[in-house]
Amino acid sequence: MAIDNIAIGQRIHHFRKKKGLSQMALAERVDISPTYMSYLETGIRSMGVETLVRLANALNVCQAVAHEATERREKLQHDYQHSRSCKTGFSNGI
C-alpha cells in the first residue's frame with residue numbers, strides 16, 4: 001500500500017491549525033526542523049513511523065486518523081482507475 005504524503009500532510013496541517021500552533025512550534029515539540037515540518041505538510045517529504053507517532057502525540061490525535069485520508073484516497077484512485085478501464089473497454093468495442 002502506497003503512502004499518500006500529501007493527504008497525510010493535509011491532516012497534519014488541519015490538526016496543527018486546530019491546535020493554534022505554528023509550524024515552528026509543532027516542529028519544536030516533535031524535535032524536527034521547521035523546514036522538514038513544512039515539507040511534511042506539503043507532501044514533499046515522507047516521514048518514518050517514529051515521527052508520525054511524535055506528531056500524533058503532539059497533536060493529541062490517533063495515528064489511525066493520519067492513515068484515514070490515505071486509505072480514502074487510495075479507494076478513490078482505485079475506483080477511478082476501474083471506471084477508466086471500463087470506459088476504455090467500451091470505446092474499443094469490447
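Helices here are DSSP runs of H or I with at least four residues, strands are runs of E with at least two, and both are numbered from the N terminus. Phi of D31 is positive, near 60 degrees, in a residue other than glycine. D31 counts as exposed, at 66% relative accessibility; exposed means over 50% relative accessible area, buried under 20%, and partly exposed in between, with a 1.4 Å probe and protein chains only.

A word on what you are looking at: this is a predicted model, in which local features need pLDDT of at least 70 and side-chain atom pairs count only at pLDDT 80 or more, while totals for chains, interfaces and linings use all residues. Residues are numbered from 1 along each chain as its sequence is written, and side-chain values use heavy atoms, with hydrogens and water left out.

Now let us step back to the whole chain. It has 5 helices and 0 strands, in the order α-α-α-α-α along the sequence. Of its 94 residues, 29% count as buried. Among contacts (heavy atoms within 4.5 Å) with a separation of 6 or more, 57% are between residues 24 or more positions apart.

Start at the segment before α1 (5–19), where D4 sits. D4 is buried, with a relative accessible area of 11%. Its side chain makes polar contacts, meaning pairs of N or O atoms within 3.5 Å; within protein, one atom must be able to donate a hydrogen and the other to accept it, and residues adjacent in sequence count only if both atoms are side-chain atoms. At the start of α1, a side-chain oxygen of D4 comes within 3.2 Å of the backbone nitrogen of I6, and a polar atom of the D4 side chain lies 3.1 Å from the backbone nitrogen of A7.

Moving into α1 itself, its 15 residues span 21 Å from first C-alpha to last, close to the 21 Å expected; that expectation is 1.5 Å times one less than the number of residues. The buried residues of α1 are A7, I8, G9, I12, F15 and R16. After α1 comes G20, with a positive phi near 75 degrees.

Next along is L21, in the loop between α1 and α2. Is L21 buried or exposed? L21 is buried, with a relative accessible area of 12%. Leaving aside neighbours within four places in sequence, L21 contacts R16, L26, R29 and L59. L21 and L59 are 38 residues apart in sequence, and their C-alpha atoms are 9.3 Å apart.

L59 also belongs to the largest nonpolar core, which has 14 residues; I12, L26, V30, I32, M37, L55 and L59 have the most contacts inside it. Such a core is a set of buried Ala, Val, Leu, Ile, Met, Phe, Trp, Tyr and Cys residues joined through side-chain atoms within 4.5 Å. The elements giving two or more residues to this core are α1, α2 (23–30), α3 (34–42) and α4 (49–59). V30 touches R54, L55 and A58, not counting residues up to four places away in sequence.

Finally, look at how α1 meets α3. N5, I6, G9, Q10, I12, H13 and R16 in α1 meet M37, L40, E41 and T42 in α3. By class, this contact has 4 nonpolar, 5 polar and 2 charged residues, where Ala, Val, Leu, Ile, Met, Phe, Trp, Tyr, Cys and Pro count as nonpolar, Asp, Glu, Lys and Arg as charged, and the others, Gly among them, as polar.
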